[in-house]
Amino acid sequence: MPAKRVVIGMSGGVDSSVAAHLLKEQGYDVVGVTMKVWPQDCISRAEDKCCGPSAIADARGVAHALGIPHYVVEESGEFEKQVINYFASEYQAGRTPNPCVMCNEKLKFGNLWRKAQSLGAQFIATGHYAIIEHHGDRAVLRKGRDARKDQSYFLFSLKQDQLLHSLMPLGGMSKPEIREIARSIGLRVADKEDSQEICFVPGQDYKAFLRGHLGEKEFHRGGIYDKEGRFIAEHEGIEMFTIGQRKGLPGGSPRPQYVIDIDPETSRVIVGDAEDLISDSFEVDRTLWHGEPPETMTVKIRYGHAGAEAAVTPLPGDRAQVRLHTPQRAVTPGQAAVFYDGDRVAGGGWICRHSAVAPAMA
């Protein structure tokens, strides 16, 4: 029998490079593919990012060292449409986006799979720190063994047909183990630094990125109000704010003030005290379940969140009500809420905005 072919997404980093090596060691017919997601006029800005010019060169070099074919696939148009435009439009709607979830769902496990099929592959693979178990016609997504690197949060929106033909060989390993493997086989990327930021936002300055991408005229200017509806100051756009933010707010208050609500209908930014950020319940929409929802589960309200016990009640229209056993700080509309049953990803959805805090006072 010929070996099963797997197309692996190669970013030029150590994780996807070692994943390609492990798959080859397991007997797969491995083909490396790097998605070029940057338009030509962004080349200089993308130089040190995943899928930028140097990353593509690193991926090509690793593929050559491993003795596997490597292709570069042009995806800049789809990346702008599916990820960058989503990122900008969410801020315009007063929400805080999560572009990594969207990139995984639409590109890495969407367009890459279609490319893999054209190359005669039965699977795609990535260097994500998560575990996919295949049980006949069902797949189970679990947390990666290395809790500090676990990336299952960013994968919650993958549907069964995406999970069933996906492989993640690094899920049961730790970062030091992966770097040691890379060194042992002589990969030049063994000690390459991890990317710690959104790949298309230089220096994590998302405000500057939005100004360049949208233009100042597309910003929704308005007023900053306290929770009783009293006007405090004008602002240059709701796109400049996120829930829990303190920096950039006007001074003069005896207590630290934080953004507690963003109203896209009126372009109001509402500020309040730290305790106003605490929530014990919220709703999510576009909910996806992987099997029957358990009665009680752990929910992560952002990637770096430790998780909190909650009761989740499915509602009509792919929505769900989340009641937290312990109130949490800065539950942020637009972020993913991912539900876990132990280490299994039970499902997830997108956090909705609560109703307005207070009407504006004349």
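This is a predicted model: local features need pLDDT of at least 70, side-chain atom pairs count only at pLDDT 80 or more; totals for chains, interfaces and linings use all residues.
At 35% relative accessibility, Glu216 counts as partly exposed, where buried stands for under 20% relative accessible area, exposed for over 50% and partly exposed for values in between, with a 1.4 Å probe and protein chains only. Residues are numbered from 1 along each chain as its sequence is written, and side-chain values use heavy atoms, with hydrogens and water left out.

Glu216 forms a salt bridge with Arg211, with 3.2 Å between the closest N and O atoms, a salt bridge being a side-chain nitrogen of Lys or Arg within 4 Å of a carboxyl oxygen of Asp or Glu. Arg211 is likewise assigned as partly exposed, on the basis of a relative accessibility of 32%. In the whole structure, the search finds 29 salt bridges. One of these is formed by the side chains of Arg179 and Asp194, at an N to O distance of 3.5 Å. Because Arg179 lies in helix α6 (residues 175-184) and Asp194 in the loop between α6 and α7 (206-214), this pair ties together parts that are 15 residues apart in sequence; helices (H or I, at least four residues) and strands (E, at least two) are taken as DSSP runs, numbered from the N terminus. Arg179 is buried, with a relative accessible area of 15%, whereas Asp194 is partly exposed at 24%. A further salt bridge connects Asp263 with Arg268, the closest N and O atoms being 3.5 Å apart, and here Asp263 is buried at 6% relative accessibility and Arg268 is buried at 5%. Salt bridges that share partners also join Asp15, Lys149, Lys175, Arg179 and Asp194 into one network.

An open sheet of four strands was identified with the order β9-β8-β11-β10 and mixed pairing, two strands being paired if DSSP finds at least two bridges between them. Strands β9 and β10 (258-263) form the edges, each pairing on one side only, and the twist averages 30° from one strand to the next, with axes taken as lines fitted to C-alpha atoms, for helices over the stretch in contact, and angles running from 0 to 180 degrees between N-to-C directions. Strands β8 (residues 222-226) and β9 (residues 231-235) run antiparallel and are joined by four bridges, with Ile224 having Ala233 in β9 as its bridge partner. These two strands form a hairpin with four residues between them, and Gly229 in the turn has a positive phi of about 95°. Strand β10 is joined to β11 (residues 268-272) by five bridges, again in antiparallel orientation, and the bridge partner of Ile262 in β11 is Val269.

The structure holds 13 aromatic pairs, for which rings of Phe, Tyr and Trp (its six-membered ring) pair if their centres lie within 6.5 Å, planes under 30 degrees apart counting as stacked, over 60 as edge-to-face and the rest as tilted. Tyr153 and Tyr303 form a tilted pair, with 6.1 Å centre to centre and 55° between the planes. Since Tyr153 lies in the loop between β6 (138-143) and α5 (160-164) and Tyr303 in the loop between β13 (296-300) and β14 (308-315), the pair ties together parts that are 150 residues apart in sequence. Tyr153 is buried, with a relative accessible area of 0%, whereas Tyr303 is partly exposed at 31%. Trp289 and Phe339 form a stacked pair, with 5.3 Å centre to centre and 20° between the planes; this pair links Trp289 in strand β12 (residues 278-289) to Phe339 in strand β16, 50 residues apart. Ring pairs additionally link Phe79, Phe87, Tyr91, Phe200, Tyr206 and Phe209 into a cluster. The charged end of Arg268 sits over the ring of Tyr225, at 5.7 Å from its centre, the criterion being NZ of Lys or CZ of Arg within 6 Å of the ring centre and within 35 degrees of the ring normal.

Thr332 is placed in the loop between β15 (319-329) and β16 (336-341) and is buried at 6% relative accessibility. Not counting residues up to four places away in sequence, Thr332 touches Thr96, Thr242, Ile243, Arg302 and Ile351, contact meaning heavy atoms within 4.5 Å.
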